[in-house]
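Colleague: I am new to this structure and would like to learn how to read its features one by one. Could you take me through them, giving the general idea before each case?

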Amino acid sequence: MTSAYDDKGLERRRFLLALVGGGAVAVVGGSTMLRLLGGKGNNAMAATPAATIRADTVLLECFADDDGHHLGPCDVRKLVLTDAQWHERLSGAAFDVMRRAGTERAFSGPHERPRSKGLYRCAGCDTALFDAATQFDSGTGWPSFWQPIAKPNVIETRDTAFGMVRTAVSCAGCDSHLGHVFDDGPPPTGLRYCMNSVALRFVAYRVS
């Protein structure tokens with residue numbers, strides 16, 4: 001991915017997780033998503049004290065789909081699947097990016113800022129990743145944001161592939177590759193989280 005940006009405006013976006021029977025269930029558009037764990041759930045959201053977190057879970061920050069308000073921390077079971085299961089869940093392009101650290105072709109996805117407010121969730125596990133209010137047109141052909149919706153929801157690691165030193169960004173909910181972060185973004189952070197469109201799912205707010 002390239003590194004120039006053209007500073008333009010901002011907008012908003014996404015995520016709700018619930019704890020049911022010791023496992024987290026994502027709630028999207030008011031209906032429960034049981035993809036993560038299977039089983040039955042409800043629309044309740046519960047914060048979990050750090051002392052009660054199990055080894056197979058991760059503490060994320062959760063956000064409502066209807067208006068993007070912060071619901072607080074929630075203990076979410078990390079999504080771990082086989083390659084065959086990931087292939088069933090993701091498109092071929094998304095699998096290559098998210099599970100093989102690939103990069104989609106520039107300008108091949110919906111990289112422009114959406115007209116409605118909302119948030120972006122992980123295409124693999126529905127973890128809330130970015131609020132569209134922090135999105136800007138970088139001119140690179142990939143969705144770009146000046147910060148994630150919550151630091152605990154993304155993982156940043158050193159990437160030395162292709163003879164370069166970069167910082168890779170992945171989803172904390174399922175360890176899927178999302179893109180990279182660079183230090184050539186606009187104020188207020190000066191950062192550019194350059195993401196792959198196929199790794200994101202936009203959820204428009206139902207309440208303006």
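Modeller: Let us begin with burial, where a residue counts as buried under 20% relative accessible area, as exposed over 50%, and as partly exposed in between, with a 1.4 Å probe and protein chains only. In this protein, buried residues make up 49% of the 208 residues. This is a predicted model, in which local features need pLDDT of at least 70 and side-chain atom pairs count only at pLDDT 80 or more, while totals for chains, interfaces and linings use all residues. Residues are numbered from 1 along each chain as its sequence is written, and side-chain values use heavy atoms, with hydrogens and water left out.

Colleague: How many helices and strands are there in the protein?

Modeller: Helices (H or I, at least four residues) and strands (E, at least two) are taken as DSSP runs and numbered from the N terminus. Read in this way, the protein has 2 helices and 14 strands.

Colleague: In what order do the strands of the open sheet follow one another?

Modeller: Two strands are said to pair if DSSP finds at least two bridges between them. Here 6 strands form an open sheet with antiparallel pairing, and their order is β8-β9-β13-β12-β11-β10. Because β8 (135-136) and β10 (154-159) each have a single partner strand, they stand at the edges, and one side of each is left without a neighbour in the sheet.

Colleague: Where does Pro 186 lie, and is Pro 186 buried or exposed?

Modeller: Pro 186 lies in the loop between β12 (177-182) and β13 (192-195), and its relative accessible area of 2% is why Pro 186 counts as buried. Pro 186 and Phe 136 are 50 residues apart in sequence, with their C-alpha atoms 8.4 Å apart in space.

Colleague: Which residues have the most contacts inside the largest nonpolar core?

Modeller: The general idea is that, in soluble globular proteins, nonpolar side chains tend to be buried together. A nonpolar core is a set of buried Ala, Val, Leu, Ile, Met, Phe, Trp, Tyr and Cys residues joined through side-chain atoms within 4.5 Å. The largest one here has 25 residues, and those with the most contacts inside it are Met 98, Leu 129, Phe 130, Leu 178 and Met 195. At least two residues of this core come from each of α2 (92-100), β6, β7 (128-131), β11 (166-171), β12 and β13, and α2 gives the most, with 4 residues.

Colleague: How many aromatic pairs does a search of the whole structure find?

Modeller: Rings of Phe, Tyr and Trp (its six-membered ring) pair if their centres lie within 6.5 Å; planes under 30 degrees apart count as stacked, over 60 as edge-to-face and the rest as tilted. The search finds 4 aromatic pairs. Tyr 120 and Phe 145 form an edge-to-face pair, at 5.2 Å centre to centre and with 75° between the planes. This pair links distant parts of the chain, since Tyr 120 is in strand β6 (residues 118-122) and Phe 145 in strand β9 (residues 144-145), 25 residues apart. Tyr 120 counts as buried at 6% relative accessibility, and Phe 145 counts as buried at 0%. The rings of Tyr 120 and Phe 202 have their centres 5.3 Å apart and their planes at 50°, so this pair is tilted. Phe 202 counts as partly exposed, at 29% relative accessibility. Tyr 120, Phe 130, Phe 145, Tyr 193 and Phe 202 form one aromatic cluster.

Colleague: Which residue forms a salt bridge with Asp 175?

Modeller: A salt bridge is a side-chain nitrogen of Lys or Arg within 4 Å of a carboxyl oxygen of Asp or Glu, and by this rule the count comes to 8 salt bridges. Asp 175 forms a salt bridge with Lys 78, with the closest N and O atoms 3.1 Å apart. The pair links distant parts of the chain, 97 residues apart, with Asp 175 in the loop between β11 and β12 and Lys 78 in the loop between β5 and α1 (83-89).
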